[in-house]
Amino acid sequence: MLFSYDKTSSPLLDIPQWTLDNAEQVFLHGPSGSGKSTFLNILAGILLPNRGCVDILGQRINGLRSGKRDKWRARHIGVVFQQFNLIPYLSPVDNIRLAAHFANTPNASREASKLLTSLSIDGELCHRPASQLSVGQQQRVAIARALINRPELIIVDEPTSALDAQNRDGFISLLMDSVQQSGAALLFVSHDLSLSTHFHRVDALGKINRAGETA
Ligand SMILES: Nc1ncnc2c1ncn2[C@@H]1O[C@H](COP(=O)(O)OP(=O)(O)OP(=O)(O)O)[C@@H](O)[C@H]1O
C-alpha cells in the first residue's frame, strides 16, 4: 500500500504488508510526523491509499464507495481519536446513540446506558452536554462510543498525551478491560513506549514502512 498527501512527492507510507489477527492487541509507535495517524485513517477507510489495498475482515475497504465505506466502518470499526470528537452539545448517551444509529444497532439506548455505567459514567452525568465533562470522563464516553456497535476492530490514536501518569494508566487499563471483554482486536498508536508492555505485539512504523527506511 502506497500513500502520499501530495501525489507529486515521494510517498509518506509504503507498506508492502501488515496484518493484525482477530483479538490481537498491537501497539504501534513511531516519531512525531512519521505517519501514524495517517496509517490509522487509511485502516479506518477515512483516507484511501494511492496504490494497493486495505482488507479488513475479508472486505476490501478501499474498493467501497464513500457512503458504503462510512456504513461499513460504523459497523465494524470503533475509533478513539486524539481529540475524542464527541459532539459537544450532545450528552454522553446521545453521542453514543448517534454512533449506534449510523450502524443500525438495535436497543442502543439500553446498551449505551449499560456501557456508560460500566465505565463509571452514570446518573446526571449521562445527560449533561459532553462539553461539560472532564477530559477523563470524555475519554470514557469515547471508549463507550467505540464499543457500542460491538466492532471487531478498535483503533486508538494516542488519547493519553494530555494526561498525567495516573490518569493515563487508568485510561489504558479501562480500555484493555473493555476490549478484552468485547473480544475485539486493538490497534493502539502512541509514541510513549512505556505503554507498550500492556500489548501482545509492538510494531515500529519505521520497520513496516519502506518509505520511512529511506526518509
Ligand atoms: N491533511 C494533510 N495534508 C497534508 N499533509 C498532511 C496532512 N495530515 C498530515 N500531514 C503530514 O503527514 C505527515 C504525517 O502526519 P501524521 O499526523 O500521520 O504523523 P504522526 O506520526 O501521527 O504524528 P504525531 O505523532 O505528531 O501525531 C506529517 O508530515 C504531516 O505534516
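Before I start, one term: a crossing of two helices is right-handed if the near helix is turned clockwise from the far one by less than a right angle, and left-handed if anticlockwise.

Entry 1: confidence. I reminded myself that this is a predicted model. The chain has an average pLDDT of 90, and 96% of its residues reach at least 70. I also noted an ipTM of 0.98 and a pTM of 0.91 for the model.

Entry 2: α5 and α6. I found helix α5 at residues 135–147 and helix α6 at residues 165–182. Their axes come within 11 Å and cross at roughly 15 degrees. Angles under 35 degrees count as roughly parallel, so α5 is roughly parallel to α6. Which hand does the crossing of α5 and α6 have? I looked, and α5 passes α6 in a right-handed crossing. Next I listed who meets whom. From α5 come Gly136, Gln139, Arg140, Ile143 and Leu147, and they meet Asn167, Phe171, Leu174, Leu175, Ser178 and Ser182 of α6. Sorted by class, this contact of α5 with α6 holds 5 nonpolar, 5 polar and 1 charged residues.

Entry 3: α3 and α5. I stayed with α5 and turned to another partner. The axes of α3 and α5 are 9 Å apart, and the two helices pack at about 25 degrees. That angle makes α3 roughly parallel to α5. The crossing of α3 past α5 is right-handed. Which residues of α3 and α5 meet? I wrote down Pro92, Asn95, Ile96 and Ala99 in α3, against Val141, Ala144 and Arg145 in α5. The contact of α3 with α5 divides into 5 nonpolar, 1 polar and 1 charged residues.

Entry 4: α3 and α4. Helix α3 covers residues 92–102, and helix α4 covers residues 108–118. Their axes come within 9 Å and cross at roughly 130 degrees. The two helices are therefore oblique to each other. I noted a right-handed crossing for α3 and α4. On the α3 side, Pro92, Val93, Ile96, Arg97, Ala100 and His101 make the contact. On the α4 side, I found Ala108, Ser109, Ala112, Ser113, Leu115 and Leu116. By class, the contact of α3 with α4 has 8 nonpolar, 3 polar and 1 charged residues.

Entry 5: the ligand. What surrounds the ligand? I read off Tyr5, Leu12, Gly30, Ser32, Gly33, Ser34, Gly35, Lys36, Ser37, Thr38 and His191. I then sorted this shell by class and got 2 nonpolar, 8 polar and 1 charged residues.

Technical notes: Residues are numbered from 1 along each chain as its sequence is written. This is a predicted model: local features need pLDDT of at least 70, side-chain atom pairs count only at pLDDT 80 or more; totals for chains, interfaces and linings use all residues. Axes are lines fitted to C-alpha atoms, for helices over the stretch in contact, and angles run from 0 to 180 degrees between N-to-C directions. Helices (H or I, at least four residues) and strands (E, at least two) are DSSP runs, numbered from the N terminus. Angles under 35 degrees count as roughly parallel, over 145 as roughly antiparallel, 65 to 115 as roughly perpendicular and the rest as oblique. Two residues are in contact if their C-beta atoms, placed from the backbone, lie within 7 Å. Ala, Val, Leu, Ile, Met, Phe, Trp, Tyr, Cys and Pro count as nonpolar, Asp, Glu, Lys and Arg as charged, and the others, Gly among them, as polar. pLDDT is the predictor's confidence in each residue, from 0 to 100. A residue is near a molecule or strand if its C-beta atom, placed from the backbone, lies within 6 Å of it.
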